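Hello,

Here is the structure for your files. My notes on it follow below.

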Amino acid sequence: MLEILIIFIAGIFLPLFPLSMVFNAILDKIKQVWIRVVLFITWPLVGLFIVSNSNPAIPDWLLPLSLFTSALYALRMLTLREVNQWNGFLATSLWSLLWLPMMQETSIVLLYGYAISMSVPLVLLVLLSAGLEQRYGAAYTGLYGGLARTIPRFSGVLVTVVVAAVATPLFPTFFIMFNMIVKTVSSTPLVAMVLLLIWLLWSWAGTRLIQGLIVGRASDVKIADLDMMAVSFYSLMLFALIVAGIYLSGVIL
Amino acid sequence: MDQLIIVVAVLPLVSALLIRLFAARIGRGIARFSVAMTTISFLIATVLLGWSLTGHAPQTLLLGNSYSILLFDPLSTLLSTIILGISLIVHIYSVRYMAEETAYGQFFVLLDLMTAALLFMVMAGDLITLVIAWYLVGVLLYFLLGQDTRSQTAYRFAFWTLITYRIGDIPLILAAALLYNAYDTWSLTIIFNEIMANPYAHQFLGLPLTEVVAALIGLAAFARSAQFLLHTWLPYTMDGPTPVSALMHAGIVNAGGFLINRFAPVFIHSGDVLNAIFIVGLVTAIFGSLLMLTQNDIKKALGYSTMGQMGFMIMECGIGAFSLAIYHLFAHGVFKATMFLSAGSVINNARQNDGIPKDEMYTFAVEKQPNKVRTPWLLMASITLAIPLVILIFAHLLIAEDYFQKQGAIVLLFFGWVTGAQLIFATYRMRTQNVWRLLGLSVLSLVVVVLGYAVISHAFDLFLYPDPAFRTQLYSAAAIDLLRFDVLVIIFTLIIVSGWVVTYYGEQNGYRHRKQTKRLRLNFYALISREFYVIDIYTRMTRFMLAFSGRLNVWLRWL
C-alpha cells in the first residue's frame, strides 16, 4: 500500500496521466518567471528523489502508462499556441519517460543527469517566453509572427532552444532517447517504436511552434531585440548543452 | 596523410563557427571566406581521392570518443569530393545570388553546416556518427529551405521535407540499435566483417537480422531519396533559394543511394530485400516520369524528374549494380545542379529576347508536330528496334564477356534498349531535310553515351568494389529464379510494345477516341493531375491528427 502511495506521489513529479495535470495546472497559475524556472528544474528531481529514497518495486503497468502519458502530451502539443503551455506539455512528455531508464536500473546519478539535461532547454524557453510576454504582452504563436524579421537575434536563439528541446543531435536529450531505444529495441520492439513516434511528434510540434512565431512579414512597430549580453548567455548555455550531450554520449553509449 | 580526411570534414565546421562569431567584423567578406574554406577542403578531398585511386587501403580514424570513427575508403573519398565539388559551385553561385538577403551570413553558416553534415554522413565509420549526420541533414535542410522567413509557403513545404526525413530517421535508428545489440560495437567495419564471416548469426523476431536491417536501411533510403509514397516533399520544395534547390537535387536527395552502398555487406545476404528495393525503384521511376510529363509548372516537372531519376538509382541498387547507382547519383547531380543554377540566366535571356526560336526542335518538342513525311515504315521500325540492341550488346561484350550471366545487367540492357529505341523513334519523327543524316547522328550519340556509361560504370565498379567475388555476390543476391525472371521480362516487354502500338494507332487516328475510352482517359488524367491523391490523403491525415489533438486539449481542459 505504501509503495503504491509512493508511486502515486512520484507520479505527480515524474508525470503520469492523469496526475500529470497537476504540474500543468500549477504552471498555468504561476506568473513569476523565477518561480517557473525553479519549478522546471526541481519538479523531476523531486520525483527522482522520492523514488530513489523509498526504492519501491515499480509495477509493470507503469511502463505503458508512462509511454501513454508521453505520447498523449506530445500529440496535444501539436495544437498549442501558448508558448508557456507548450513548454509545460513538452516537460510532461519528456519527464514521464524517466520511468523507463529507472526500470532498466540506471544509476540515480545518471537519472539526475537525464532530468537536468532535459530541463535546461525548457528553462531557457521559459526565459524566452517571458521575453515575448514582456515585448508583446503574450507569448502566442500566430499572434504576431515574423519575429525573424522583427527581432532576428531573439528568433535565432528561440529557434536553437526549441531545436535543443525536441531532442536534436548533439543535445543531451537526443542521446538519452537514442540510448532508451537501443536498450529496448531487441527485448520490447514495440516500446522502441512508441519512443520513436513520440520523438517524431516532438519534431512536428517544434516546427509548428517555430513557424507560428518566426515566419511572416516584419512588424511595423519597433521592438527591442536581445542585447549582445543576453545572446552570449544563451549561446554559452547552448554550447554547454552540446558539450554535456557529447560527454553524456560517452558515458551511456 | 590519412588524417587529412579529418581536415576535409572539419574545415566547413570551422568556417561556419568563424562566420557565426566574426560576422559583424568580416561583413560581406564572410561569403568569400566560406568559399575559400570550401575550396581548400575540396582540394584536399581531391588529393585524397587521387590517393585512394592509386590503391591506398581503407583506413579507420578514431576522433576521440569510443564511437566517433571516420572511414577513409573509396566510397567516402569519392563522395566527399563530389559533395565538396557541388557545394563549392553552390557557394560561389550564392556569393552574388544571395547578396540582397538580410540573413546573408546565416545562409553561409547553414550552407557550411550542411556541407559538414553531408561529409560526416559519407565518412561515418560508426553507427552513431551516421545517425547524427543523417538526422542533422534533415534539420539543416529545413532551415535552408526556409531561408525566406517571410514566406509561409516556403516553411510549409520545408516542413513536409523535415517530417519525411524524420520518418526516414526512424528505420535508420532502429537498424543502428539492432546492430549494436547484436554485435556489441558501433564500428561499421567490425559489424560488416562479422556479417561477412557469419551472416546468419543473429535473429530478430524470427527473421535473420541481416534481412531486417537491410529492410530498415532500404526504408530510410526511400524517405531520403523520395521514393513513391515518401516523395511528396520533393516537387513542392521549390520556394527555397535556387542554390539550395541545386544542392538538394544534386546532392542531398542522393543520400539513399549512398546509404544502400554503405550497407552493401548487409545487402548481399538479403536478396529478397534487394528485389523489393528494385520494385519500389521501378514504381517510383514510372510514377515520377509520368507525373513529370503532366506538369505545366516547370519547377514541379523538374522535381518529378528528380523523383524519376531517384527511382532509377534505387532500381540499380535493387539489381545489384551498386556502383552504377553511385555513378548515376554523380551524373544526375551534375546535370541537375547545372539546370537549377542556369535557370536564372535562362530567365534573364528570355526577358531580353522574348522571340521564341521557331526551329525544328521547338516545332517537334513544344508544338508537338512530328514529321508527316515518312521513309519506309517497316525499315525504320526494324532500325529503331535493332540498332540500340546491337550497340548495348557490343558495349557490354567489350567490357565483360560474362555480363549476360547477371540478371541485373540484362535488366539494364533492357531499359537501355527501350530508351535507345524511343530516342531513334523520336528522331525519325522529327521534321528534317535529311532524315538519314539525323538518324546517323543520333545512333552515333547513342554509341558514345552507352559506351561511356558502360565503361565509366565498370570503372566505378572496380574502384568501389575491387573484390570480384564481392561484386559477383552482389549481383547473385539480387537475382531471382529464371522462370520468374523470364515471365517478368515478357510481361514488361508486352506492356512497352503495347504502349508503342497504342501510340502508333493514336497517331494514325489523329487521337480520336471512342466514348468509353475517352471517359477512361479523362479519369486517368484526373488521377494524374491530382498526383494520385497522395498529397490529398496526407493532408486529410494531418488535418485529422490536428483536429484530434485539439479535441483532446478541449476534453482535458488544456491541462
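First, a term: two residues are in contact if their C-beta atoms, placed from the backbone, lie within 7 Å. Note also that this is a predicted model.

Start with B:Ala117. Leaving out residues up to four places away in sequence, B:Ala117 touches B:Ala133, B:Leu136, B:Val137 and B:Leu140. B:Ala117 is also among the residues with the most contacts inside the largest nonpolar core, as are B:Met121, B:Val137, B:Leu140 and B:Ile217. That core has 235 residues. H6(B) supplies its largest share, 19 residues.

Next, the interface. On chain B, 32 residues are in contact with 33 residues of chain A. Three elements of chain B give two or more residues each to this side: helix H5 (127-145), helix H6 (152-183) and helix H23 (534-555). The largest share again comes from H6(B), here with 14 residues. By class, the chain B side has 22 nonpolar, eight polar and two charged residues.

Last, B:Gly240. This residue sits in the loop between helix H9 (233-236) and helix H10 (242-250) of chain B. Is B:Gly240 buried or exposed? It counts as buried, because it has 23 C-beta neighbours inside 10 Å, and the cut-off is 20 or more. Beyond four places in sequence, B:Gly240 touches B:Leu144, B:Leu145, B:Gln147, B:Ala154 and B:Ser245. B:Thr153 is 87 residues away along the chain, yet the C-alpha atoms of B:Thr153 and B:Gly240 are separated by 9.5 Å.

Best regards

Methods
Residues numbered from 1 in each chain as written. Chains lettered and ligands numbered in written order. Predicted model: local features only at pLDDT ≥ 70, side-chain atom pairs only at ≥ 80, totals over all residues. Helix = DSSP H or I, 4+ residues; strand = E, 2+ residues; numbered from the N terminus. Nonpolar A, V, L, I, M, F, W, Y, C, P; charged D, E, K, R; others polar. Buried ≥ 20, exposed ≤ 12 C-beta atoms within 10 Å, placed from the backbone. Core = buried A, V, L, I, M, F, W, Y, C linked by C-beta atoms within 7 Å.
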